[in-house]
Amino acid sequence: MTVVGTRRRAPRVGESAPRPDGVPKVQGRFAFGSDLWAEGMLWGKTLRSPHASARIVRLDVAPALLIPGVRCVLTHEDVTGSPYYGLEHRDQPVFASDVVRYHGEPVAAVAADHPETARRALEAIIVEYEPLTPLVDAEQALDADPIHPDGNLVRHLRIRHGAVDAPLPPDAVSVEGIYEIGMQDQAFMGPECGLAIPSDDGGVELYVSTQWLHVDRDQVAACLGLPNEKVRLTLAGVGGAFGGREDVSLHVHVCLLALRTGRPIKMVYSREESFFGHVHRHPARMWYRHSSAPDGTILRVDARLMFDGGAYASSSSAVIANASCFAAGPYRVPIAAIDGFAMRTNNPPCGAMRGFGAVQTCFAHEAQMDKLAAALAIDPVALRLHNALAPGDVLITGQTITGTAPVAELLRSLAGAPLPSDRSADDMLARPGGAGRTADDAHVRRGVAIAISFKNLLFSEGFDDYSTARCRLENGLVTVHSACAEVGQGFVTLAQQIARETLGIDEVVLAAADTTIGSAGSTSASRQTWMSGGAVWRACLAVRAQVLAAVAADHGCPVDSLEWVDDQITVPDGPPVAVRTFSEGRVFEEVVEYHHEPTSTLDENGQGNAHVSFAFAAHRAVVDVDVQLGLTRVVEIATTQDVGRIINPLQALGQIEGGIAQGVGLAVMEEIVFDNGRLRNPSFTDYLIPTALDMPSVTVVELIEQPEPGAPFGAKGIGEPPTISSTAAIAAAIRNATGLALTRVPIRPDDIALAVGGEQ
Amino acid sequence: MIDDEEVSYRLRVNGADHDVPGAWLGESLLYVLRERLGMPGSKNACEQGECGSCSVLVDGRLVCACLVLGAAAVDRSIVTVEGLTDESDALSLVQRAFVDAGAVQCGFCTPGLVMTVHDLLERPKAASEFELREAISGNLCRCTGYGRIMDAIERAFAEADGQRP
């Protein structure tokens, strides 16, 4: 055996590693999309509909073109390729032509040599609208006249599992409820941005902040009427995403302007425009009935899920599939009848946001479990444990869990965690509302409750999901190339760790993410650790095999007589071979396209092995509530999470804390407010996300490491679960503090204060 | 150029004078820094003073650069995140603490937070965690939930205390 030296090596898998982009980010030198600049660059801006539904009766851009400095104005007539784009269905116009279907729909775009000139040009464009009555209720959309040629129903997913026609036993206990969730915004800090540069071959280079370069590329090329190879995308630094960059936003507009003017075009959305420019989390109305035996054994779950997808399809069909498949939560449910609907309305389009359909139903199924526990006079944790899913159990979609599912472990561990100490009555800042609006200390009540979440990892329903990665070893340096979008989650760190772990070399650099390599798929669905991490791992393993074969050939010995120890290879006939030295002047390179195990579609009863793997997390919320003013303060969130294996402990903690923050926001702060389809609060003044003062302390009670079969190093993606059940736990804790039903999130002060006032 | 009267002025940023020729009077300091002077470190997340991502020091006072007109910052001493260290590759103790604590994810809020914490270090230390949280509550972060940022601040204070005589 070779003695491994004591020199300090860069972190491997399982160790906390610093981000390779951390230093430039703290220095302000990291190039986000909005920081890009090109010689001769013009500024692009978008004109958007002020109406939720209207006919365009006149569109005249001539006045805008008269403004000095305005170089170009484009409308639907100037789209050189397909007039439509879309993530799953190409149903969304690049520019509205005859009608507008939501407040904020793009109508025209301008390019000018100063952003203020471009803004004035937008004001000069004449658009006459004939306003129509908007369809703003998803339930009504089922029977209303279609607002789109494709109809109002995007998808109805029907799940019928078990003996749905059999009567319940006479001693069955049933609880019913209707739950609602408002529209949440991803509110990533870096607004949408892109720089398009026309290229000599008639194509275009687009530098854009996105989640999925290749699916963007396909849509952009189709709308430009160019072959894919003439549209080259490079990831520009991404200031957060959370699902909101999975759809195309400014991509086509900025490229059309660049191709028309022959000049580089930069587009950066303002915060207000960002609220109009990306999809949001689906608002939902959900009816549930849970039925159990008197001992708490769940017999049956019925649910009807009505999701408002807004004017265009985006990823609504996948969101409603997730909502429906996981509608019953992580419990054994022998009979289920679930109807999930994703509808078109004249509200803004909804699509991906962290948790992707599971957030909405988790809020509902966890409220139902508490209601059932109360009806049965059983402890809520005990009821959940009694019904907890475990490996080998069958889901309501008929699929058997073959991987890990530590549901009971998560609940037991969380339930055993100590509670935070009582609030100090003297500390004004610790009361709900802080020092600003604090009521009498005697009006503050504390609530405690738990919730648990359940969601798939990776893409489902037969989607051929894959990721491509290249590993190159040359002169002691490892270069990893993947089109995986780093959006802040830390793939860049993880890829380095995996390469170091596999090849023993500290020096690992990442090539820019772009479309010169195959797709890495989307940075969504908690999939990049598994998919692009898995592709990088396999590419590194292939390079490792090449190196071993070369060493074996040089030394005339069989490969299996060699041993790779850190950065050296032991050989039978002499001193160990240093990998660094061996790779001087040689190139070892491999490109791997990694596909996960195939899944199947869901049949007419919503049955099928549609999912690859599942992840779970549990949250316990402690919330102080001023019942007279309706103010809340989330005191602590304690959590346990099913992680498979932790690749980077520090980064895992950051994902968990950050995900919980978004759950806190949805529970008590965040909602996009509408007035008959018109978006009323598109700013950080009026749409409030948690500040440091709103955010509770987070206690990670336990991360349960049960390696997941098939996942690289056994690691499950960890980004989404923290967001899913934290909202449900906080809502339950406020119910616990107030005794109110509180069936809608976000819970607003008047939901509490008026209800409590009414009781008194 | 815009069909308005143009203005020309000079700004003192990070100890050096910069000419701003032929600008539109309505340009914010943030726009001038980012788009005219090649200093994009200060970020443009809300441009209405809610998020703190564009925090800079003007005559030693922490302000949102989006709320200050560029032309109103003439004759002031402006410090941006690019000017926190003398050498381009060096890290201030606050920047080092953010990297070490894992306080950076997407990093868009980071330059503004780094400026805010630098400013905090110049003040009497906040007595409680709540006060510290309140002190940074003008800086929004969407990725981290603030946990590692609070840790970075504690590290920065500890390091600064160790450096004080």
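How many bridges join strand β2 of chain A to β6(A), and do the strands run parallel or antiparallel? Strand β2 (residues 54-60) of chain A is joined to β6(A) by 2 bridges, and the strands run antiparallel. Two strands are taken as paired if DSSP finds at least two bridges between them. Helices (H or I, at least four residues) and strands (E, at least two) are DSSP runs, numbered from the N terminus.

**Model and conventions**

This is a predicted model, in which local features need pLDDT of at least 70 and side-chain atom pairs count only at pLDDT 80 or more, while totals for chains, interfaces and linings use all residues. Residues are numbered from 1 along each chain as its sequence is written, and chains are lettered from A and ligands numbered from 1 in the order in which they are written. The model scores are ipTM 0.98 and pTM 0.97. For chain B the average pLDDT (the predictor's confidence in each residue, from 0 to 100) is 94, and 98% of the residues score at least 70.

**Strands of chain A**

The pairing of β2(A) with β6(A) belongs to an open sheet of 3 strands in the order β6-β2-β8 (chain A), with antiparallel pairing. Because β6 (99-100) and β8 (126-131) of chain A each have a single partner strand, they stand at the edges, and one side of each is left without a neighbour in the sheet. Within this sheet, R55(A) is placed opposite V99(A) of β6(A).

A parallel pairing is found elsewhere in chain A: strand β12 (residues 204-208) is joined to β13(A) by 5 bridges. V208(A) stands opposite L235(A) there, and L235(A) lies in strand β13 (residues 231-235). A residue is called buried if 20 or more other C-beta atoms lie within 10 Å of its own, exposed if 12 or fewer, and partly exposed in between, with C-beta atoms placed from the backbone. Since 4 of the 5 residues of β13(A) are buried, this strand is largely enclosed by the rest of the structure. L235(A) is itself buried, with 23 other C-beta atoms within 10 Å.

Two residues are in contact if their C-beta atoms, placed from the backbone, lie within 7 Å. Not counting residues up to four places away in sequence, L235(A) touches T210(A), L213(A), A485(A), A512(A), A513(A) and D514(A).

**Core and helices of chain A**

A nonpolar core is a set of buried Ala, Val, Leu, Ile, Met, Phe, Trp, Tyr and Cys residues joined through C-beta atoms within 7 Å. The largest such core has 293 residues, and those with the most contacts inside it are V110(A), C255(A), F307(A), V536(A) and I730(A). Helix α15(A) gives the most to this core, with 10 residues. Beyond its neighbours within four places in sequence, I730(A) has contacts with A621(A), V623(A), V634(A), V664(A), A667(A) and V668(A).

In α3(A), the buried residues are P115(A), T117(A), A118(A), R120(A) and A121(A). Their cover includes β1 (42-48), α2 (62-65), β3 (70-74) and β7 (106-112) of chain A.

**Interface and chain B**

Between the chains, 52 residues of chain A are in contact with 44 residues of chain B. On the chain A side, α1 (22-27), α3 (115-124) and α15 (649-668) each supply at least two residues, and α15(A) gives the most, with 7 residues.

Chain B contains 5 helices and 5 strands, which follow the pattern β-β-α-β-β-β-α-α-α-α along the sequence. Its radius of gyration, taken over C-alpha atoms, is 16 Å, close to the 15 Å that the globule rule (2.2 Å times the number of residues to the power 0.38) gives for 165 residues, so chain B is as compact as a globular protein of that length. Buried residues make up 53% of the 165 residues in chain B.

T110(B) lies in helix α3 (residues 110-121) of chain B and counts as buried, with 33 C-beta neighbours inside 10 Å. Leaving aside neighbours within four places in sequence, T110(B) is in contact with K25(A), V26(A), F98(B) and V104(B).

The table lists two C-alpha separations.

| Residue pair | Apart in sequence | C-alpha to C-alpha |
|---|---|---|
| L235(A) and G521(A) | 286 residues | 13 Å |
| T110(B) and S88(B) | 22 residues | 17 Å |
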